[in-house]
Amino acid sequence: MVEIMAMLLVTWLALASSLQLEFDEIDSLEGYQFMELRPLAMEFSQHFRNITEKDLDLPSSSQQDSQCLADMTQLLSAFRLKKIWALKMFDAWGTFPKGVLYGNKIDLGNYDECIGINKAISDNHAIKGKYCFAGVPFVRGIILRTAVCFPASCNATHMDKFLQPLLEKLLNIKTTKALVSEDSCRTKERIEYDGLTIFTIVIVSLLLAAVVLTTAYDYFFCEDQNQLPALIKIFSARANSRVLFRLVQPRSNPNVIDCLNGMRCMSLIWVLFGHQYLFALMAPNINQYQLKWWFGKPFTSFVLHAGFSVDTFLFLSGLLLVVISMRSLEKSKGKLNIPMMYLHRYLRLTPVVALAILVYMTLLPFMGDGPLFDSIKFDDYNHCKSTWFWTLLFLQNYATPDLCINHSWYLGVDMQLYILSPIFLLSLYKWGKKAAAGIFVLMLLLSACLFSTMMVKQYPIHIEIGVTPDEAQRKLYYATHVHAAPWLIGVLFGYFLHVNRSRNFQLNRIEIWLGWIVSLGLIFTCIFVLYPFADWLNPPLSMLEEAFYYTLARIAWPLSLCWVVFACMRGYGGLANSFLSCPLWQPLSRISYSAYIFHIFIQQTNGRRMRTGTFFSNYDVMLLFWSGFGFVLLLSYVVYIIMEAPFGVLESMLMAKRRTSSRNEPSSTTTNKLELNPQLDSDRPHNT
């Protein structure tokens with residue numbers, strides 16, 4: 001998730017920074033001749049005025065070779081006659097990028113002009129445009145990329161045969177490497193819908209139709225909203241939206257931790273904001289070499305350490321699990337229906353994830369067409385064909401290196417911790433403080449395991465922001481025990497709140513200030529201790545220091561949150577509590593699960609649609625983020641209405657029916673009240 005983002009950020013920007021230094025340190029530059037050239041398309045048309053089979057220089061002439069040569073002959077002939085379609089073909093070419101020494105290494109040409117060409121030559125043949133990227137070797141290993149437009153009958157090998165002698169003549173460049181990759185080429189023809197894509201469209205259409213029809217029936221025929229038919233209650237957007245947008249005033253229920261909504265939403269926004277930087281850094285920025293300054297800014301620390309938002313979610317998950325379950329255990333005298341707990345959890349999480357797998361794998365390829373379609377992407381969703389079931393089993397963080405949906409690794413961690421939760425819940429109920437002490441020791445042992453792994457395997461601290469082999473990332477970030485410390489601290493703090501729920505804490509001003517200073521000190525230390533990142537690219541820390549930071553930061557972060565929650569609950573939160581407990585967070589909190597799962601869909605679609613070079617700055621990324629965030633909310637609302645809310649209502653109705661028919665099973669009530677992850681199951685209040 002955020003770790004993959006940071007991996008690309010640091011790797012890419014480290015290279016950009018080093019190249020910038022190399023350019024600054026030299027007085028002259030060979031290969032500057034490209035500045036004196038006319039547009040590459042014009043040079044090409046002049047060089048191949050009289051094209052022949054020798055220009056292809058292929059060992060054997062196939063039908064495709066002949067067709068490509070014939071189409072190129074037609075193209076150049078039409079170009080000399082100034083035919084519009086031929087002029088468009090060359091007009092769509094890119095030029096040698098302007099501002100190469102500033103970091104602009106790509107010219108996108110005009111994508112739509114190229115693929116829009118469709119010139120009928122005969123009754124059964126037409127010349128169509130084919131857009132590709134050609135990589136031109138520059139200096140010091142730098143590859144400049146420029147768009148070229150050829151007839152669709154030509155493949156990458158043909159284009160290479162045309163471009164290599166041209167570059168040799170113009171720039172005295174000889175290379176045996178391919179200049180054009182077929183993977184970079186696009187035409188107007190698109191892949192046909194396969195059976196799975198049609199199935200996905202049918203499923204989504206049926207869900208939408210069910211929502212529309214039940215909502216219309218609800219609006220026109222159901223006057224009493226308290227007596228809705230079961231089917232209407234499940235699918236009606238009117239009924240589910242009423243629940244979604246219902247605002248509850250803070251402190252209206254003493255069993256509610258109001259500040260958790262704000263903490264959850266702020267963490268969600270942090271995740272989405274960090275991912276937006278990933279796509280911004282993969283964009284065709286014209287100022288790549290000038291991004292060295294980005295490492296020297298304090299604001300960069302907030303982006304590269306967005307992974308702490310994951311620890312916040314896990315802390316809240318453990319906290320809510322205990323404060324709710326312990327009270328239920330007391331009411332049921334220690335009875336816990338564990339199978340029903342697991343079933344409840346699985347049914348609440350899986351439908352949205354299953355829909356996401358289908359949508360990402362089948363519908364995303366048809367969204368956001370553009371020249372960078374295959375260049376700007378977060379995941380390779382082709383992996384879903386072979387690994388989708390690991391995601392539905394919530395074992396993806398261990399079972400496979402080829403995750404179907406990359407950011408779903410967190411769901412695997414959270415589900416695995418939830419499966420172990422009955423051990424901790426029953427232990428706390430039976431043995432109280434002794435069990436809490438055991439959990440504390442377990443947390444220290446798991447942290448020691450993380451520390452030992454780094455020391456023995458010599459995994460550098462770059463794993464924190466991603467410059468690491470896949471194996472290291474899987475062991476130091478995707479592994480469940482790595483993130484167990486925040487969850488266990490949440491469990492311990494939840495138990496503390498439970499046993500002290502009736503106690504009145506009276507703190508003086510010094511104690512309050514000391515709590516906030518320590519809490520904020522831990523937060524800012526975790527985020528800024530490695531600043532500035534410009535020097536951190538060659539970290540001065542020893543392996544021992546790196547291991548200590550990475551291990552202790554996962555303890556310090558949730559400890560700082562303990563005070564924030566405690567202060568807000570006990571009236572010492574001040575402005576922080578007013579902000580975090582604002583009722584306006586509640587609707588966003590309820591759709592946070594859908595937003596978390598589907599936000600990459602919007603961000604990747606936007607990234608693939610780019611047609612021109614971009615300028616990277618924090619302000620420009622913020623513009624992209626907030627505009628995209630609006631569409632994320634709209635998509636999340638749709639997913640919530642057609643999938644998350646209906647399944648939640650259906651499950652609640654089944655649970656209620658089961659409780660009615662089995663009054664002698666108090667553990668069923670316990671299970672129904674168990675709160676899921678605070679990021680994921682947000683339609684219920686945070687009972688304490």
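Trainee: What is the torsion about the S-S bond of C132 and C185?

Mentor: A disulfide is a covalent bond between the sulfur atoms of two cysteines. In this predicted model, C132 and C185 form such a link (a pair of cysteine sulfur atoms within 2.5 Å), with their sulfur atoms 2.0 Å apart. The disulfide of C132 and C185 is right-handed because the torsion about its S-S bond is about 115°.

Trainee: How many residues apart in sequence are the parts that C132 and C185 tie together?

Mentor: Helices (H or I, at least four residues) and strands (E, at least two) are DSSP runs numbered from the N terminus. The disulfide of C132 and C185, with its S-S torsion of about 115°, joins strand β3 (residues 125–137), where C132 lies, to the loop between α6 and α7 (195–221), which holds C185, so the parts tied together are separated in sequence by 53 residues.

Trainee: On what basis are such values given, and what kind of model is this?

Mentor: Residues are numbered from 1 along each chain as its sequence is written, and side-chain values use heavy atoms, without hydrogens and water. Local features need pLDDT of at least 70, side-chain atom pairs count only at pLDDT 80 or more, and totals for chains, interfaces and linings use all residues, for this is a predicted model.

Trainee: Where in the chain is C154, the partner of C68?

Mentor: C68 and C154 are joined by a disulfide with an S to S distance of 2.0 Å. Its torsion about the S-S bond is about 95°, so this link is right-handed. The pair connects distant parts of the chain, 86 residues apart: C68 is in helix α3 (residues 63–80), and C154 is in the loop between β4 (143–151) and α6 (156–171).

Trainee: In which strand does C149 lie?

Mentor: C149 is joined to C114 by a disulfide, S to S 2.1 Å. This link has 90° about the S-S bond and is right-handed. The pair ties together parts 35 residues apart in sequence, because C114 lies in helix α5 (residues 111–115) and C149 lies in strand β4.

Trainee: What is the pairing of the bonded cysteines of the protein in sequence order?

Mentor: The count comes to four disulfides. With the bonded cysteines numbered in sequence order, the pairing is 1-5, 2-4, 3-6, 7-8.

Trainee: Turning to the helices, are α10 and α26 roughly parallel or roughly antiparallel?

Mentor: Axes are lines fitted to C-alpha atoms, for helices over the stretch in contact, and angles run from 0 to 180 degrees between N-to-C directions. Helix α10 (residues 259–282) and helix α26 (residues 592–608) pack at an angle of about 15°, their axes 10 Å apart. Angles under 35 degrees count as roughly parallel, over 145 as roughly antiparallel, 65 to 115 as roughly perpendicular and the rest as oblique. The helices α10 and α26 are therefore roughly parallel.

Trainee: Which residues in α26 meet α10?

Mentor: Contact means heavy atoms within 4.5 Å. On the α10 side the residues are R264, L268, V271, L272, H275, Q276 and F279, and in α26 they meet S592, A595, Y596, H599, I600, Q603 and Q604.
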